[in-house]
Amino acid sequence: MEFTHQLIQQLINGVSLGSIYALIALGYTMVYGIIRLINFAHGDIYMLGAYVGFFATTTFKMPFLPALIMAMAVAAVVGIVIERAAYRPLRQAPKIAVLITAIGVSLLLEYGGMILVTPQPRTFPAVFPAHTYNIGGIIVNNQQIVILAVSIALMVLLTYIVHRTKTGKAMRAVSFDTDAARLMGIDVDRIISITFAIGSGLAAAAGVLVGIYYNSIDPLMGIMPGLKAFVAAVLGGIGIIPGAMLGGIILGVIEALVSGFISSTFRDAAAFAILIVILLFRPSGLLGKNVREKV
Amino acid sequence: MLKVDSINVYYGGIHALKGVSLEVREGEIVTLIGANGAGKSTTLRTISGLIKPKNGQIEFEGKNITGVPAHHIVSLGISQVPEGRRVFANMSVLENLELGAYLRQDAKGVEADMAQVFERFPRLAERKSQLAGTLSGGEQQMLAMGRALMSRPRLLLLDEPSMGLAPLLVKEIFAIIKDINAGGTTILLVEQNANMALSIADTAYVLETGRITLSGTAKELSQSEAIRKAYLGG
Ligand SMILES: Nc1ncnc2c1ncn2[C@@H]1O[C@H](COP(=O)(O)OP(=O)(O)OP(=O)(O)O)[C@@H](O)[C@H]1O
Ligand SMILES: [Mg+2]
């Protein structure tokens, strides 16, 4: 009984943590799907989102939802600008040059962020009063519920956009065969911009949610979750949208189980160990059986 | 309708088209034949705006379209069925056709054209929700053609539509090309199957390692000794 309780408890913690990884992983996977770039600056967009959320709720006294939308919007614009300024000029350049640029952009955001908002961690305000529910010994708090609700809503929205809208179909077309997409009349640059906007918006949402969950944010907060979300994206099959969702959740659950049953010291090591094992058996990720099917 | 005037195209250091000129008159079927690597696909890709020529000019319906990006070329009325079909394998037949109509705003017209495509290619109608990647080669060719027609082009560029198809299917595809042309769409047809291409074309050009070496009416060319030797197997 004690064990099942503990297990369910950790599963709940894991799924809420995992849905945050999933939100970030989606940006990695979408950008990779469309321009085959691992956008290393993506984790820092998540940090940026957390800060916009912080200032929106503190300085501008915004309620949760407007603050969330504001953070997503600002991050979307920054994502578009980064792509235009840093990646687009390198469209024909060797992969390695773009990768190094991405690392440069990442460092710029991290250390630029330190200049702008100081390296001091900030305490994220309690956007809504913390409330815990005890359901037969299992503790759920309303932050976890909000995280889950927002993540699910965003993922449903994304799936709808990608599968049902014209822009979403264009994104899938560009991802599959860029030149063929051009021949349809699709403005590929515009689709790339939209992809960066959506991916960045989702990462920013994750940043705000994490701020609410852990209360503390700092300019380097994007490094570790960014890396883990990347792992999640690869785990699910890079370039595959449902893969990023699945990979994120699995990673979150593994981490929670390791923290709960073994020790939180091994949490990160376990996450990366699992990645290595899964990739040994499924080099193209969990949902990556068909190499050509990217989105 | 289309005038290509001494274009030079390079891939890095490779000089792929060396001053190619050709003309397509409205209502015609013009064929461009030549061996592997002659530059046929490069010619079509340049017309479609996927590659920019280093110099030379391309004119369509009196407008200079040299260097216009591919997604604008489509809206001008030129559509291409690329070599190897290039259907979106991870999407359904219906979605592929919808993408063909990507730039169009007239929902009614799109619907009518969709119905026409299904009428022309009944096999596609039976497979609307099937993933394009699971279609047979012939069906994929039909889908690629249907998709190109969905933008309602005035000039249709076809790159080796007979590639990899059984003789019976090749016949069927060529009959459809003739029919599309009879419906008022001008056609520039790239082929290695010179026999078939010359049999339906009005005008023909021969491309050899980046240069047009022969041109004339399809009839003239099919009787020419040099062409018979090089491309028609005797
Ligand atoms: N992306 C590319 N990069 C470098 N060289 C290329 C590229 N595409 C084509 N070429 C070269 O340009 C020349 C013309 O190629 P193209 O594909 O136009 O020939 P083709 O006549 O269509 O041949 P095929 O009948 O085999 O399709 C060839 O020598 C080819 O190697
Ligand atoms: Mg070719």
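Contact, in this tour, means heavy atoms within 4.5 Å. The model on display is predicted.

**Chain B, helix H4**

Begin by selecting residues 107–120 of chain B, which form helix H4. At 1.5 Å a residue, these 14 residues should span 20 Å, and the end C-alpha atoms are 20 Å apart, which agrees. Next, highlight B:Gly109, B:Val110, B:Asp113, B:Met114, B:Val117 and B:Phe118, the buried residues of H4(B). An α-helix has 3.6 residues a turn, so residues three or four places apart point the same way.

**The largest nonpolar core**

Now display both chains and select A:Tyr87, A:Ile186 and B:Leu188, the residues with the most contacts inside the largest nonpolar core, which has 117 residues. Colour helix H8 of chain A (residues 188–214) as well; H8 gives the most to this core, with 15 residues. A second, separate core of 45 residues includes B:Val93, B:Val117, B:Leu124 and B:Ala144.

**Chain A, helices H3 and H4**

Centre the view on A:Tyr87; beyond its neighbours within four places in sequence, its contacts include A:Leu37, A:Asn39 and A:Phe196. Then show helix H3 (residues 64–87) and helix H4 (residues 95–117) of chain A, whose axes lie 11 Å apart at an angle of about 130°. H3(A) and H4(A) are therefore oblique to each other, and H3(A) passes H4(A) in a right-handed crossing. To inspect the contact, select A:Ile82, A:Ala86 and A:Tyr87 on H3(A), together with A:Val98, A:Thr101, A:Ala102, A:Val105 and A:Leu109 on H4(A).

Conventions
Residues are numbered from 1 along each chain as its sequence is written. Chains are lettered from A and ligands numbered from 1 in the order in which they are written. This is a predicted model: local features need pLDDT of at least 70, side-chain atom pairs count only at pLDDT 80 or more; totals for chains, interfaces and linings use all residues. Side-chain values use heavy atoms; hydrogens and water are left out. Helices (H or I, at least four residues) and strands (E, at least two) are DSSP runs, numbered from the N terminus. The expected span of a helix is 1.5 Å times one less than its number of residues. Buried means under 20% relative accessible area, exposed over 50%, partly exposed in between (1.4 Å probe, protein chains only). A nonpolar core is a set of buried Ala, Val, Leu, Ile, Met, Phe, Trp, Tyr and Cys residues joined through side-chain atoms within 4.5 Å. Axes are lines fitted to C-alpha atoms, for helices over the stretch in contact, and angles run from 0 to 180 degrees between N-to-C directions. Angles under 35 degrees count as roughly parallel, over 145 as roughly antiparallel, 65 to 115 as roughly perpendicular and the rest as oblique. A crossing is left-handed if the near helix is turned anticlockwise from the far one by less than a right angle, and right-handed if clockwise.
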